[in-house]
Amino acid sequence: MPSSGRVTLAGLSEGDVDAKLSGIAGNCSVNGSNPQTVTITAGDTTSTSFAVSCQTVADGQIAFISDRDGDGEVFLMNTDGSSPTKLTDNSDTDFAGPISPTGTKIAFVSDRGGSTTHLYVMNADGSNVQQLTSSGASVNLLLAGISWSPDGSTLAFVDSRSGNGEVYTIGADGSGEQRLTNNSATDTWPHWSPDGSKILYASDTDGDYEIYTMNTDGTGRQQLTTDSDNNGMARWSPDGSKVAFASNRSGNLEIYTMNPDGTGVQQVTSDPGSDEFPSWSPDGSELAFYTDRAGNDEVYKINADGSGIPTNLTANNASDVNPYWSPVE
């Protein structure tokens, strides 16, 4: 049925029948009762109606952080860099996080609560802002990373309330907060696997940042990279077959991919500038990242195999960082 329309049914028997609206898009819901009871009288025409409301979906878009208005704000743009839209607008610092699996929500970190930083979610159009973390939290800004579980019920984030960065999870409604890591190292950049069984993260346990996985309850830690360089900002590909990450193993930060067990490392970018924070396109063919190769931080995209010429998506004098590609095509 179209977004607004009428369906006529004939030949119904007398009495009370239940009319139910089905086939509603995932970003829409019925306001009020569904089904509704309708009384059918012989020879008469009766009617009922359903009011449906739908949320904006960030499909085919990239969320990112920009200070183009003087402080960090959350923006959305198309994947060709067109139509950048500011979603937050205040004098506080708002740092973009990932778009939810359905494309209807965006997580972000902000110090709008005062001296401490908290994790928030909002609708994809910037409305309905909700604070998830409670008093005592100190959610890490900018480079810590946030990740939605594949079913959209939970978020992983980094908090330094204990004195160093640790990975936590929390329900998308702010319930059930859990601490997953507990050590004297800095644990950061969590990312949920597409099958929901593992979380990628980085830790400087051995003196430099290495990439690890763990179960979603914090058990079963496994190390994927082992060298004297810094490796982090890891993100699983949409099908789980690859991991993109940033590393300074070549002398400066570049984007790499590897298999989920740490083998098969391939370099994707090669530039004297710093290339950081990769984010996969929904089909796994491209990576968005940010780089200072143009003289200031800009969001670029590149083919995931490193072929072709990287495209500058933001191209302005502001600092544009931390791209999060929508999982919705």
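How many bridges join β8 to β9, and in which sense do the two strands run? In this predicted model, the two strands are antiparallel, and 4 bridges join them. One of the contacts along this pairing involves Asp94, whose bridge partner in β9 is Ser110. The two strands form a hairpin in which 5 residues lie between them, and within the turn Gly103 has a positive phi of about 80 degrees.

Strand β9 also pairs with strand β10 (residues 118–123), again in the antiparallel sense, and here the pairing extends over 6 bridges. Within β10, Asn123 is the bridge partner of Lys105.

A search of the whole structure for cavities of 30 Å³ or more finds 1, and the volume of the largest cavity is about 60 Å³. The lining of this cavity comprises 13 residues, of which Val109, Asn140, Leu142, Gly145 and Ile146 are the closest to its centre. Two or more residues of the lining are given by each of the elements β8 (94–99) and β13 (154–159). By residue class, the lining of the largest cavity consists of 11 nonpolar and 2 polar residues, with no charged residue among them.

Key: Residues numbered from 1 in each chain as written. Predicted model: local features only at pLDDT ≥ 70, side-chain atom pairs only at ≥ 80, totals over all residues. Heavy atoms only, no water. 1 Å grid on protein atoms, 1.4 Å probe; cavity = no way out; pocket = protein on both sides within 12 Å on 5 of 7 lines; lining within 4 Å. Points joined across faces, edges and corners; volume = space filled by probe spheres on them. Nonpolar A, V, L, I, M, F, W, Y, C, P; charged D, E, K, R; others polar. Pairing = 2+ DSSP bridges.
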